[in-house]
Amino acid sequence: MDKNTEIKWLADVEDKDYPAAQSYLSLLHTDTEVIGLVKKLKDAKLTQFKAKDIFRASGLSLLGVSNSHVDKDQTKIKEGTPLSPLLLVRDVQNGKLIIADGYHRLCAVYAISEDAVIPCKIV
């Protein structure tokens, strides 16, 4: 995909992303903590960070385009379909960033430009 491809974003997080974040976060936190984190994410204002900074802070590996979800998101980018912003949680205790929802979108965007600015909510 062309490095000059415009990446479009929705004005806000899709409603379906919050249950996905809740499901993932429930593997890491108690039910009470998860309910609080999801509420905070819903209330948070959008901010933005570069793709490369989100990756570095998360410590995760980059998924390749052979991943079906990454491929699906790259197709959306190519077609000009806006993506949903990411949902991020700071794990201050471990000095890491948790990508509660949007890991595949992040990988798809990073493959186009590691300097791409990604809208997200972070708590």
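This is a predicted model: local features need pLDDT of at least 70, side-chain atom pairs count only at pLDDT 80 or more; totals for chains, interfaces and linings use all residues.
1. Helix α4. This helix covers residues 68-79, twelve residues in total, and extends 16 Å between its first and last C-alpha, close to the 16 Å expected at 1.5 Å a residue. Its buried residues are Val 70, Asp 73, Gln 74 and Ile 77. Viewed down the axis of α4, these buried residues fall within an arc of 100 degrees, so they line one face of the helix. An α-helix has 3.6 residues a turn, so residues three or four places apart point the same way. On the face of α4 turned away from the buried side are the exposed residues Ser 68, Lys 78 and Glu 79. The cover over the buried residues of α4 includes α5, residues 103-112.

2. The two ends of α4. Just after α4 comes Gly 80, whose phi is positive, at about 80 degrees.

3. Helix α3. In α3, which runs over residues 51-58, the buried residues are Ala 51, Ile 54, Phe 55 and Ser 58. Seen down the axis of α3, they fall within an arc of 100 degrees, so they too line one face of their helix. The elements against which the buried residues of α3 pack are β1 (47-50), β2 (86-91), β3, α5 and β4. Just after α3, Gly 59 adopts a positive phi of about 75 degrees.

4. Helix α5. How much of α5 is covered? The helix is mostly covered, since seven of its ten residues are buried. These are Tyr 103, Arg 105, Leu 106, Cys 107, Ala 108, Val 109 and Ile 112. Among the elements that cover them are the helices α1, α3 and α4 and the strands β2, β3 and β4.

5. Arg 105. This residue belongs to helix α5 and is buried, with a relative accessible area of 10%; the limit for that class is under 20%. Its side chain makes a polar contact with the side chain of Asp 101, at 2.8 Å. Beyond its neighbours within four places in sequence, Arg 105 is in contact with Asp 17, Asp 73, Leu 83, Ser 84, Pro 85 and Leu 86.

6. The largest pocket. Its volume is about 450 Å³. Which residues lie nearest its centre? Of the 22 residues that line the largest pocket, Asp 73, Asp 101, Gly 102, His 104 and Arg 105 have that position. At least two lining residues are supplied by each of α1 (17-25), α4, β3 (96-101) and α5.

7. Lys 121. Strand β4, residues 117-122, contains Lys 121. Is this lysine buried or exposed? Lys 121 counts as buried because its relative accessibility is 3%, where buried means under 20%. Its side chain reaches the backbone oxygen of Lys 42 at 3.1 Å. Leaving aside neighbours within four places in sequence, the contacts of Lys 121 include Asp 12, Val 13, Tyr 18, Leu 41, Lys 42, Ala 44 and Lys 45, as well as Leu 46, Leu 86, Leu 87 and Leu 88.

8. Pro 119. This proline is also placed in strand β4. Pro 119 is buried, with a relative accessible area of 12%. Apart from neighbours within four places in sequence, it is in contact with Trp 9, Thr 47, Gln 48, Pro 85 and Leu 86. Pro 119 and Leu 37 are 82 residues apart along the chain, and their C-alpha atoms are separated by 18 Å.

9. Ile 35. Helix α2, residues 31-43, holds Ile 35. With a relative accessible area of 57%, Ile 35 is exposed, the limit for that class being over 50%. Ile 35 and Arg 90 are 55 residues apart in sequence, with 15 Å between their C-alpha atoms.

Terms used
Residues are numbered from 1 along each chain as its sequence is written. Side-chain values use heavy atoms; hydrogens and water are left out. Helices (H or I, at least four residues) and strands (E, at least two) are DSSP runs, numbered from the N terminus. The expected span of a helix is 1.5 Å times one less than its number of residues. Buried means under 20% relative accessible area, exposed over 50%, partly exposed in between (1.4 Å probe, protein chains only). The arc is that of the directions from the helix axis to the C-beta atoms. Contact means heavy atoms within 4.5 Å. A polar contact is a pair of N or O atoms within 3.5 Å; within protein, one must be able to donate a hydrogen and the other to accept it, and residues adjacent in sequence count only if both atoms are side-chain atoms. On a 1 Å grid over the protein atoms alone, a cavity is a set of points where a 1.4 Å probe fits but cannot get out, and a pocket is an open set with protein on both sides within 12 Å along at least five of seven lines; lining residues have an atom within 4 Å of a point. Grid points are joined across faces, edges and corners, and a volume is the space filled by probe spheres set on the points.
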